Amino acid sequence: MPTLPSGPNAPVNASADSLFWRLDGGGCSLVLVAQSGALPRLVYFGESLPKDVDAASLASAVSLPLAHASVDNPVPASVFPMLSTGHGGPPAMRGHRGGTSFGHRFDLDAVEQSAQSLALRLRDAVIGLRVVLNVSLDASTGVCAWHTTLHNHADTPLQIDWLASASIELPVPFCEAEHFGGRWGQELQCRRTSLDNSPLLLESWRGRTGHQSYPGLVVGEAGFDSHGGQTLIAHMAWSGNHRVHLQRDDNGVPVMQFGVGYHPGECELAASALLETPVVYLAVGTGRDQARQRLHRYARCELLPAWTREPRAVHCNSWEALYFNHDLGALKTLIDAAAEAGAERFVLDDGWFHGRRNDSAGLGDWGVDPTVYPDGLHPVVDYARQRGLQFGLWFEPEMVNPDSDVMRLHPEWCLRLDGVETPLARQQLALDVSRSDVQAYLIESIASLVETYQIDYIKWDMNRDLVLPGDGQFAVAAQQPDAVRLMMQQLLARFPTLEIESCASGGGRLDWGMLGECGRVWLSDNLDPIDRMRMQCAATTFLPSEVLGSHVGHARAHLTGRRTTLSTRAIVALGGQFGFETDLRGLAATELAELGHYTSLYKTHRQWLAEAVHWSVVGLPAGMLAEGRVAVDGSQALYSVLATSATADAPAGVMRLAGLANDARYTVEVINASLDELAPYNRALPRWCLDGVTLNGSVLAMRGVQLPIMPAHCALLLHCKRVS
Ligand code: DGJ
C-alpha cells in the first residue's frame, strides 16, 4: 500500500488493508474506499448516511465476488479504471507516446482531504504520469463536482485519445437512464432506456454541445420518476465535442463516464504539461425533482452571473417580426408596440451589420451597415431608450460568410484542413477563435459597439457545426469552447454590467460550460408553445427556469405552422425569462391588453421565481403537461398546465400540486386573463376555477384540484397564495 498522509489529511477510517474517505454536505454523503492496494472505489453517493456508519462494514457489504474466467486478481472498476489491471470495461484513459507506452498502471500516491473536497493523487512511475481526481461535495446543496487533472512528468509528449473527466460507478439497482437529444427546433427530446449489457453512447462531433446529444444523463432505479426512486442527474459542463458512455461492467455494475471527444491527434500533452478536464456535476435525490432542485440551487449560488439574481427584463426581439427587413420606420413602430406591451429591453437581431441583407453575406464584418443605418444604430438605440427600453444586439462572433471583407482579408483565420474543402453551413464558415489575432479582432469589434451604443445585452449566436475543425493541419476543436469563454470573460472585464445570452441555432449550446458567463440561454428557435412546454420541462432537468429565454411568438408558429391562442403562448413563456418575438405591430388593442396582463404577472412574480423550487406535476392523463414553481419560503406558487392534445376523458384530469408547505393553507386561483376559451367546452366549470379555493398544502398535494375540460392547446395558470 502506498504511503498516505497522516494528520488532517488522513482518511476517516482505516482497517488492516482498507482506507476510507467520506464527504458530507447538503443532505448527502459520498464514500470512497481503497482496498488491498487497489485504487479507491466510489462505494456510496446518496442521501446522508448516519454519522456512525462503519465504512469498513460498508466496504465489506459492497465488495464483489471473484468469478472464474477473468484475470487471477481482478480489480473492480475504481475511480480510474485501467485496462492494464485486467478490467474489461471502458478505461478512464487511453494514451500513448507515439504508439509506445500504450498501457498505464496508476497507484494511489496520496489523498488530500479538506472539509468538502478530496484530491486523489495517482501516479504511474513507469510512464511518468500523475493524475489528480478532484472530488468535492457542496456543503449546502450536496452537489458533487468531479474533474481530472493529468500531468505528464516525462520528457516526451503523450498523445491522449481519451481522458474521462469522471468515471462513476453507479449503485447496481440503477438500471434505467434518460438521455436527451433532438434536432434544430425540437431540442431536448427525452429518451428512456434500460441498462442492459449494451453500452449507451452519447456523442457530439459537431464542435459544439449540439442539438442531437446533450452531455447529461438521468439514471436511477427501476421505475424512477419525478417524485420517486433513487435518482442521479449527471452533467458535464462542456460546450464542445463530448462522449458520454454508460455500460455495465463484468460484475454488472453500471459505470458512467463523461469526457471531451478528441479528434485523431488532437490532444497531445507536451513534456511537463498539465491537462485539466471539464467538470462533471452530480446530484442525487428521491426522484428527478429532488436531484434537479439541488442542481438549480448550486447553479444559482455557484455558477450563474450575479445579474441573474436581479429581476430579469422583459425582452422584445426583432427576429421573427422583421427577419432581415431592417427599416427604421418598422423598428420604431415595433418598439412602440413593445413598450406598450410592457417590454423593458429591445433586442436588434441579425441583419444590422455590413452587407447583411440576407444570410449569404456580411458575417464577420461587425460594422453597422451604412446603407440601412446611415446614422449608425443611434436612431434605433435612442428611440428604444426614449421609450424606456434597454438595448441589446445580436452577434455571431465565431462565424464568417466567405462573402465578407474579413474573409477576403484573412482566409487563414478559418478552421480548415488543408487540401480538403470545408462544406458551408448556412453559407458560412467558422473562425479559429483559439488564434489570438482572431480573438483580438472580435473583442475589439464587439467592445467598440458596446461602448458606442452602451449596449446592455448581447445575444451570442453560433449557427453551424465545426466540420474539419483544424488549423490547416491539426484538429483544434477542443480549444474553441475555452476560447469563446475567454473572449466573453475579457468583454465582461471591460463591461461588468453587460449581459450575454448563449444561443446556437436555438438550443445548440445549453450546457453548464456556458453558464459562468451567460446567464441566459436561448432554448430553441421553435416558439410553438406546445413544443416549447415539453422542451422547458426537459431543460429544467439541468437548468433553472429563470435562465431560459422564453418568448411569446406568432399565433401561427413559424417553425411548426401550428396556431395557438395568445393566452397559451404567454402562459408557456412565463415558464422562463418572459419576452416577445412576434410582430406586435399587428396586434389588436384587446390582444395588447391581454399580453399586458401576462407581462405584468411576470413582473409581479419574477423576483421569487428566480429562486423558486421546481416541481413536476405527476399523474395527469396522456397529453397533459404541467409544472410548478414554489417560492423558497413556501409563501406562494405558480403552476401551469397545458393540453397538448384533446384528452381521452372529458375532464383534463386532477392536478396535484406538489411542493407546497404541508401544514399551511393556500388559496388557489386560475389567473388566466380570461376563461372564455373554456366556455364552449364546459357546460359548468369546476367551482374552484371561478371562485378559487382554500385548502391545506398537503391536501392540494395528495388530492389536488379537478381540471376543467380543456380543449387541445389550452393552458391554465394557477396561483397559490399562503393564507396567513
Ligand atoms: C439563430 C437564432 O437561434 C435565432 O434566434 C436568430 O438569432 C437567428 N440565428 C439569426 O440569424
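Two strands are said to pair if DSSP finds at least two bridges between them, and helices (H or I, at least four residues) and strands (E, at least two) are DSSP runs, numbered from the N terminus. This is a predicted model, in which local features need pLDDT of at least 70, side-chain atom pairs count only at pLDDT 80 or more, and totals for chains, interfaces and linings use all residues. Residues are numbered from 1 along each chain as its sequence is written, and side-chain values use heavy atoms, with hydrogens and water left out.

Of the 724 residues, 60% are buried, where buried means under 20% relative accessible area (1.4 Å probe, protein chains only).

Next, select residues 28-35, which form strand β3; 7 of its 8 residues are buried, so the strand is largely enclosed by the rest of the structure.

Arginine 22 has valine 31 in β3 as its bridge partner. The two strands form a hairpin with 2 residues between them, and in the turn glycine 26 has a positive phi of about 60°.

Finally, select strand β4 (residues 41-47), which runs antiparallel to β3 and is joined to it by 6 bridges. Which residue in β4 stands opposite leucine 30? Phenylalanine 45 takes that place. The hairpin of β3 and β4 has 5 residues between the strands, and serine 36 takes a positive phi near 50° there.

How values were computed:
Buried < 20%, exposed > 50% of the residue type's maximum accessible area, 1.4 Å probe, protein only.
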